[in-house]
Amino acid sequence: MRKVRNILKKTVMSIGLSAFICALGFGSITAQAETPYKTYTVDGYGSVQETQTAYLAYETITKFGDKFLSSPSDLFVTDDGEIYVADTGNSRIVVGDIEGNEIKTIGEGTLVTPKGVFVTEDKHVYVADRDAQAVFEFDSDGTLLNTYTKPTSPLYGDDLTFLPIKLVVNDAGIMYVICESNTNGIVEISPAEGGTFLGYFGTNFASTSFQTILYRAILTDEQRAKMVSNIPATPDNLGIDAKGLIYTVTRGDEEKSLKRLNIAGTNLIESTDRGPDIPAAVAAGNHDNVYVADQQGYIYEYNNEGELIYVFGGLDDGTQRVGLSTLVTAINVDTEDRIYVLDSDKCQIQVYEPTEFTSLLHEALYLYSKGRYTESKTPLEEVLKMNSMFDYANKAMGRAYFQEENYEMALKYAKLAKDYEGYSDAFWEVRNQWLKKNIVTAILLIVGLWILVKIIKLLDAKKGILNGVRAFWEKKKENRFISNLVYTKYFMKHPFDGSYGIAREGRASWSVATFMLVIFIAEYVINKYLCGFLQKTIREGRYEIFSDIGMILLAVIAITACNYLVCTINDGEATVKKIYTYLCYSLRPYIILTPVIFILSHVLTNNEQFLITMCQIVMVVWVLVLLVIAIKEVNDYTPGETFKVICLTIFTILILALLIFIVYVLWAQVFEFISALFGEVVYRIGY
């Protein structure tokens, strides 16, 4: 994530914009200049890519009427557009609208340090007041209705203080309160009987490293007591959606920083893509999406599965440009998808509105979430007209076609989006349809081939119809190249005897070994760039064939040279020719199994990928076993000497790589110096 932040910071710093003036006496300022930030998304390869602007800075609210904010901590936007701000420094709740007009104030004379505010549909206002150690409930007119203080239940914890800082309330009136320094989780309070403690909700788990486990296992009780306690982190903020699901954000929790909790407290988001470093606030959107605000002003939008859709915004470097923040403490969304971001340091509210591109995407998300897959394709098509490479839209389009059972189109869009899971599901259905149509024909063809082979074997046994073929092959095997090429099969199946042949019977061959290496390179390149979609690990259209060939040749030369040097020092009997030969002969299992893997990659789905993995493991192990046996037998080493030589060879290769790197760096500097010197000479001659 630091890499993403650095990219965003550099981008923000590089764009020159007209600064906006934030002065006393202006209720709000409308952004007219170009946005001073860029919008990013994550493509199907997991890389951060710039995309169309998702949200424009729409309005900056610095005060409501003649009331300025002081160290505001939280805000809430109602469906009718009223904005409730926890004006912490002034010990009140200020209510206004997007135009900066004041509507009313709540809690003056009652509140001490209001840190959190939540408003229900019937306009009951709940305020989390840390220093008052209470949650206050006001009606729509600002009349105090209830005060909820520290729960008296022993389950809460007698030694724990009640310092509420954030809260949400569900339709049943149950309050979910985050308390400062309470690591047990979110405090769940029912309004019954003046406030009934229901327990702790959505408790975070303490992360434990292997090092910590090891220390605790070997240290004494006294030593363990002196260690830093491994306790779970307290959630930093929370939100609630229309379904009653609770969203929390916790800094330092890596991929689990964002959680969506059901009524049982179970997290429904496995992990989030590229979460913020310092998550400060969270808000549920109107389209099964969720927004997370980073403390430094970056805003992340995710879908309901935790997949990143957008990142935008950024940190203000002091130029006071619209759309940038310095210390974000709250975020909320209104019914028109406008985003409200509260900057505690600037004492202002930054409002963003979605662009047409984002509005179309939101419409598609909403239709899809309601099961209206066919209707969702219309806005998705418009999105893709604006940006055909927006992978998230391609992915959504593929999923929509899949729900319509149009698997061919689902396959197409899943491939465009690099949606491996969606591609696998669609391919499974396409393959099933093909099998239903062709299974009988395929079985008949296999049976026919089997019968044909049996007939040929029978006729050969009785009449010798293949005698001419055998005689031709035996004659060809007299050729030394063909003979040694056939011998590679024997070496693969009988490595001990095969190694003896290389060492003692003249089976070492430059030409055959090189031929095997050429076949290996060809198969490697073909499998890398033309394998099935689910097995492909490179970007479409990126071909580095010459680089691949160069790396393989360099590796073969390095292994051969280093192994020869080590074997020579350790009284080995192998020559360069023999080492090169057994190295290339050991590649025979790869040459045999790679075509099988290549074919499987085009016909298997994710559910059967273990077959490819198994083949790859067998192939690698087989190659290594052949190589180890060859080193031992050709050099006439003991097992201990073989292990020693292998380790020394690896070490020598690493030293050689380091030397090459140092020479490369030095040569690059010399070349740069010569170029600069030449340029200076040319300049002076011209002058």
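I began with Leu 308 and found this residue in strand β25. I keep in mind that the model is predicted.

**Entry: Leu 308**

Next I listed what Leu 308 touches, leaving out residues up to four places away in sequence. The list holds Thr 41 and Val 42, then Asp 273 and Arg 274, and finally Tyr 300, Glu 301 and Tyr 302. I followed up one of these, Arg 274. Leu 308 and Arg 274 are 34 residues apart along the chain, and I noted 7.4 Å between their C-alpha atoms.

**Entry: Asp 316**

I then moved to the loop between β25 (308-313) and β26 (328-333), where Asp 316 lies. Is Asp 316 buried or exposed? I wrote down buried, because its relative accessibility is 6%.

**Entry: strand β13**

I turned to strand β13, residues 134-138. How many of its 5 residues are buried? I counted 5 of the 5, so I recorded the strand as largely enclosed by the rest of the structure. I sorted the residues by face. Ala 134, Phe 136 and Phe 138 are on one side, Val 135 and Glu 137 are on the other, and both faces are covered. I note that Glu 137 is among the buried residues.

**Entry: partners of β13**

I looked up which strands pair with β13. Strand β12 (residues 125-129) runs antiparallel to β13, and 5 bridges join them. In this pair I found Val 127 with Phe 136 as its bridge partner in β13. The two strands form a hairpin with 4 residues between them. In that turn I noted Gln 133, which has a positive phi of about 55°.

Strand β14 (residues 144-148) also pairs with β13 in the antiparallel sense, over 4 bridges. Here I found Val 135 opposite Tyr 148 of β14. β13 and β14 form a hairpin too, with 5 residues between the strands. Which residue in this hairpin takes a positive phi? I found Gly 142, with a value near 90°.

Key
Residues are numbered from 1 along each chain as its sequence is written. This is a predicted model: local features need pLDDT of at least 70, side-chain atom pairs count only at pLDDT 80 or more; totals for chains, interfaces and linings use all residues. Side-chain values use heavy atoms; hydrogens and water are left out. Buried means under 20% relative accessible area, exposed over 50%, partly exposed in between (1.4 Å probe, protein chains only). Contact means heavy atoms within 4.5 Å. Two strands pair if DSSP finds at least two bridges between them.
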